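Thanks for coming. Please have a look at it first.

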Amino acid sequence: PPAPPADFLPARHPWDTLWVNAHLATMTAGAASPYGAIENGAVAAKDGRIAWVGPLADLPGRAEDLAASVQDAGGAWITPGLIDCHTHLVFGGERVTEFELRLTGASYSEISRAGGGIAHTVRATRAASDDTLYTLAARRLTALMAGGVTTVEIKSGYGLDLEHELRLLRVARRLGANFPITVHTTLLGAHALPPGVNDAPGRARYLDLVCDAMIPLAAAEDLADAVDVFCEGIAFTPEETARVFDAAQAQGLAVKLHADQLSDTGGAALAARYQALSADHLEYTSDDGLDAMAAAGTVAVLLPGAFHMLRETKLPPIAGMRARGIPMAIATDCNPGTSPALSLPLMMSLACTHFRLTPEEALAGCTRHAAQALGLGASKGQLAVGFDADLALWDITRPAELAYWLGGNACVGRVAGGRLD
Ligand code: NIG
Ligand code: FE
């Protein structure tokens, strides 16, 4: 018989995939319940976006009529896919000797001033081929993904010349093209002075290179989504940082800052003055810096792995951030020197234990607020209609358990852009 006209067909399968038998921690802004939790919920994806989210009982029809594929989540909790908004994932070598030296009393700054630290990794990174860097970073990325990460920021910063900085960004872009994860890249040419540069003219020449060549070329090739600087006594001054930020903004690139990690250089206030997406570390940030961040809407990215690894005792001013309503994100800072961290849930645990974040703040820090720290707050980090269908599924009894385990892996499923791994 002839087929009936299309408008007489029942609308079958408006959605691609529907997850049922799940509890949801939606993490939506302003949710009435802790975690925006919906017990016995369901979430649907269509064309890579979230098409429906709510209590299973409110589903507007039979699951099998609504979605081409119905997934039984087995009672798992579903959160927004985790977002690691600060990593230095692409590097050669390791810094184990430095780790051992620090355990015998040497400080991070002393090792850096003696020619070790970042300079050590720069030498190992320059010596590694593109494929070696890719393979090493891919292994680290795989570990982060296994822990529920669906978006990662990757900085350059271990090349410290034009050729190698752009090379690291290309490796990062290649990871984003080949893995089911969103990669955001950040040019960190101003991470340290290159090895061998130690006088004022050399310093000025290197900053010229960052501002006049690296930033424009990275922008022209679409290699960087943002620009970062390490503003610190052992790295760049606030004046130098401002120059790099001016160059970034001239290219229309967003800025972020490694601020006040080892001393108060006024980094947080400087970042705020440039409307930075985030200021990161912030152990030594003053009340003035916090006031400026709050006024500018700059996200505070907390890096408890580096705090832990450096045996830091100065806590970031969490109470001051809370009092001002500054969004707090949490990231691994995965890097060979101060935070060889490959698990974002472990960072949630450290943030709770060291910084006294609540487990709910810790999860917001790896979802909604981390998205904001990358300028992705309108599309990622929440289970809400229209947001990207990036999900993580967890074998836990309630959301606070995410920040409870020290290691292990409770992640039992991962969905990026609507696709199951
Ligand atoms: O975020 N603080 C500067 N950069 C990294 C450490 C880099 C390194 O030591 O290799 C950080 O902690
Ligand atoms: Fe860092």
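I begin with how the model is to be read, then go through its parts.

This is a predicted model, where local features need pLDDT of at least 70, side-chain atom pairs count only at pLDDT 80 or more, and totals for chains, interfaces and linings use all residues. Residues are numbered from 1 along each chain as its sequence is written, and chains are lettered from A and ligands numbered from 1 in the order in which they are written.

First, the record. UniProt, in an unreviewed entry, lists residues 77-397 as "domain: Amidohydrolase-related"; its positions are given in the numbering used here, feature names are shortened, and annotations may be inferred rather than shown by experiment. Over residues 77-397 the chain is 46% helix and 16% strand, with the end C-alpha atoms 8 Å apart. Helices (H or I, at least four residues) and strands (E, at least two) are DSSP runs, numbered from the N terminus.

Now the sheet. In what order do the 8 strands of the open sheet run? The order is 6-7-8-9-10-11-12-13, and the pairing is parallel. Two strands pair if DSSP finds at least two bridges between them. Strand 6 (82-84) and strand 13 (328-330) each have a single partner strand, so one side of each has no neighbour in the sheet. On average, neighbouring strands of this sheet are turned by 25° against each other, direction ignored.

Helix 13 (residues 344-355) lies across strands 6, 7, 12 and 13, at about 130° to strand 13. Axes are lines fitted to C-alpha atoms, for helices over the stretch in contact, and angles run from 0 to 180 degrees between N-to-C directions.

Next, the annotated positions. The unreviewed UniProt entry gives "binding site" for Arg95, Tyr158, His191, Gln261 and Thr338. I take two of these. Tyr158 sits in the loop between strand 7 and helix 6 (162-178). Is Tyr158 buried or exposed? Tyr158 counts as buried because it has 30 C-beta neighbours inside 10 Å. The cut-offs are 20 or more other C-beta atoms within 10 Å for buried, 12 or fewer for exposed, and partly exposed in between, with C-beta atoms placed from the backbone. Beyond four places in sequence, the contacts of Tyr158 include Phe91, Thr121, Val122 and Leu168; contact means C-beta atoms, placed from the backbone, within 7 Å.

Gln261 lies in the loop between strand 10 (254-259) and helix 9 (267-273). Gln261 is buried too, with 28 other C-beta atoms within 10 Å. Its contacts beyond four places in sequence are Glu232, His281 and Glu283.

Helix 4 (residues 118-127) has Ile118, His120, Thr121, Val122 and Thr125 as its buried residues. They pack against helix 2 (96-103), helix 3 (108-113), helix 5 (130-146) and helix 6.

Asn21, in strand 1 (residues 15-25), has phi near 55°. Asn21 is partly exposed, with 16 other C-beta atoms within 10 Å. Asp47 has phi of about 50° and is in the loop between strand 2 (37-46) and strand 3 (49-55). With 10 other C-beta atoms within 10 Å, Asp47 is exposed.

Terms used:
Two residues are in contact if their C-beta atoms, placed from the backbone, lie within 7 Å.
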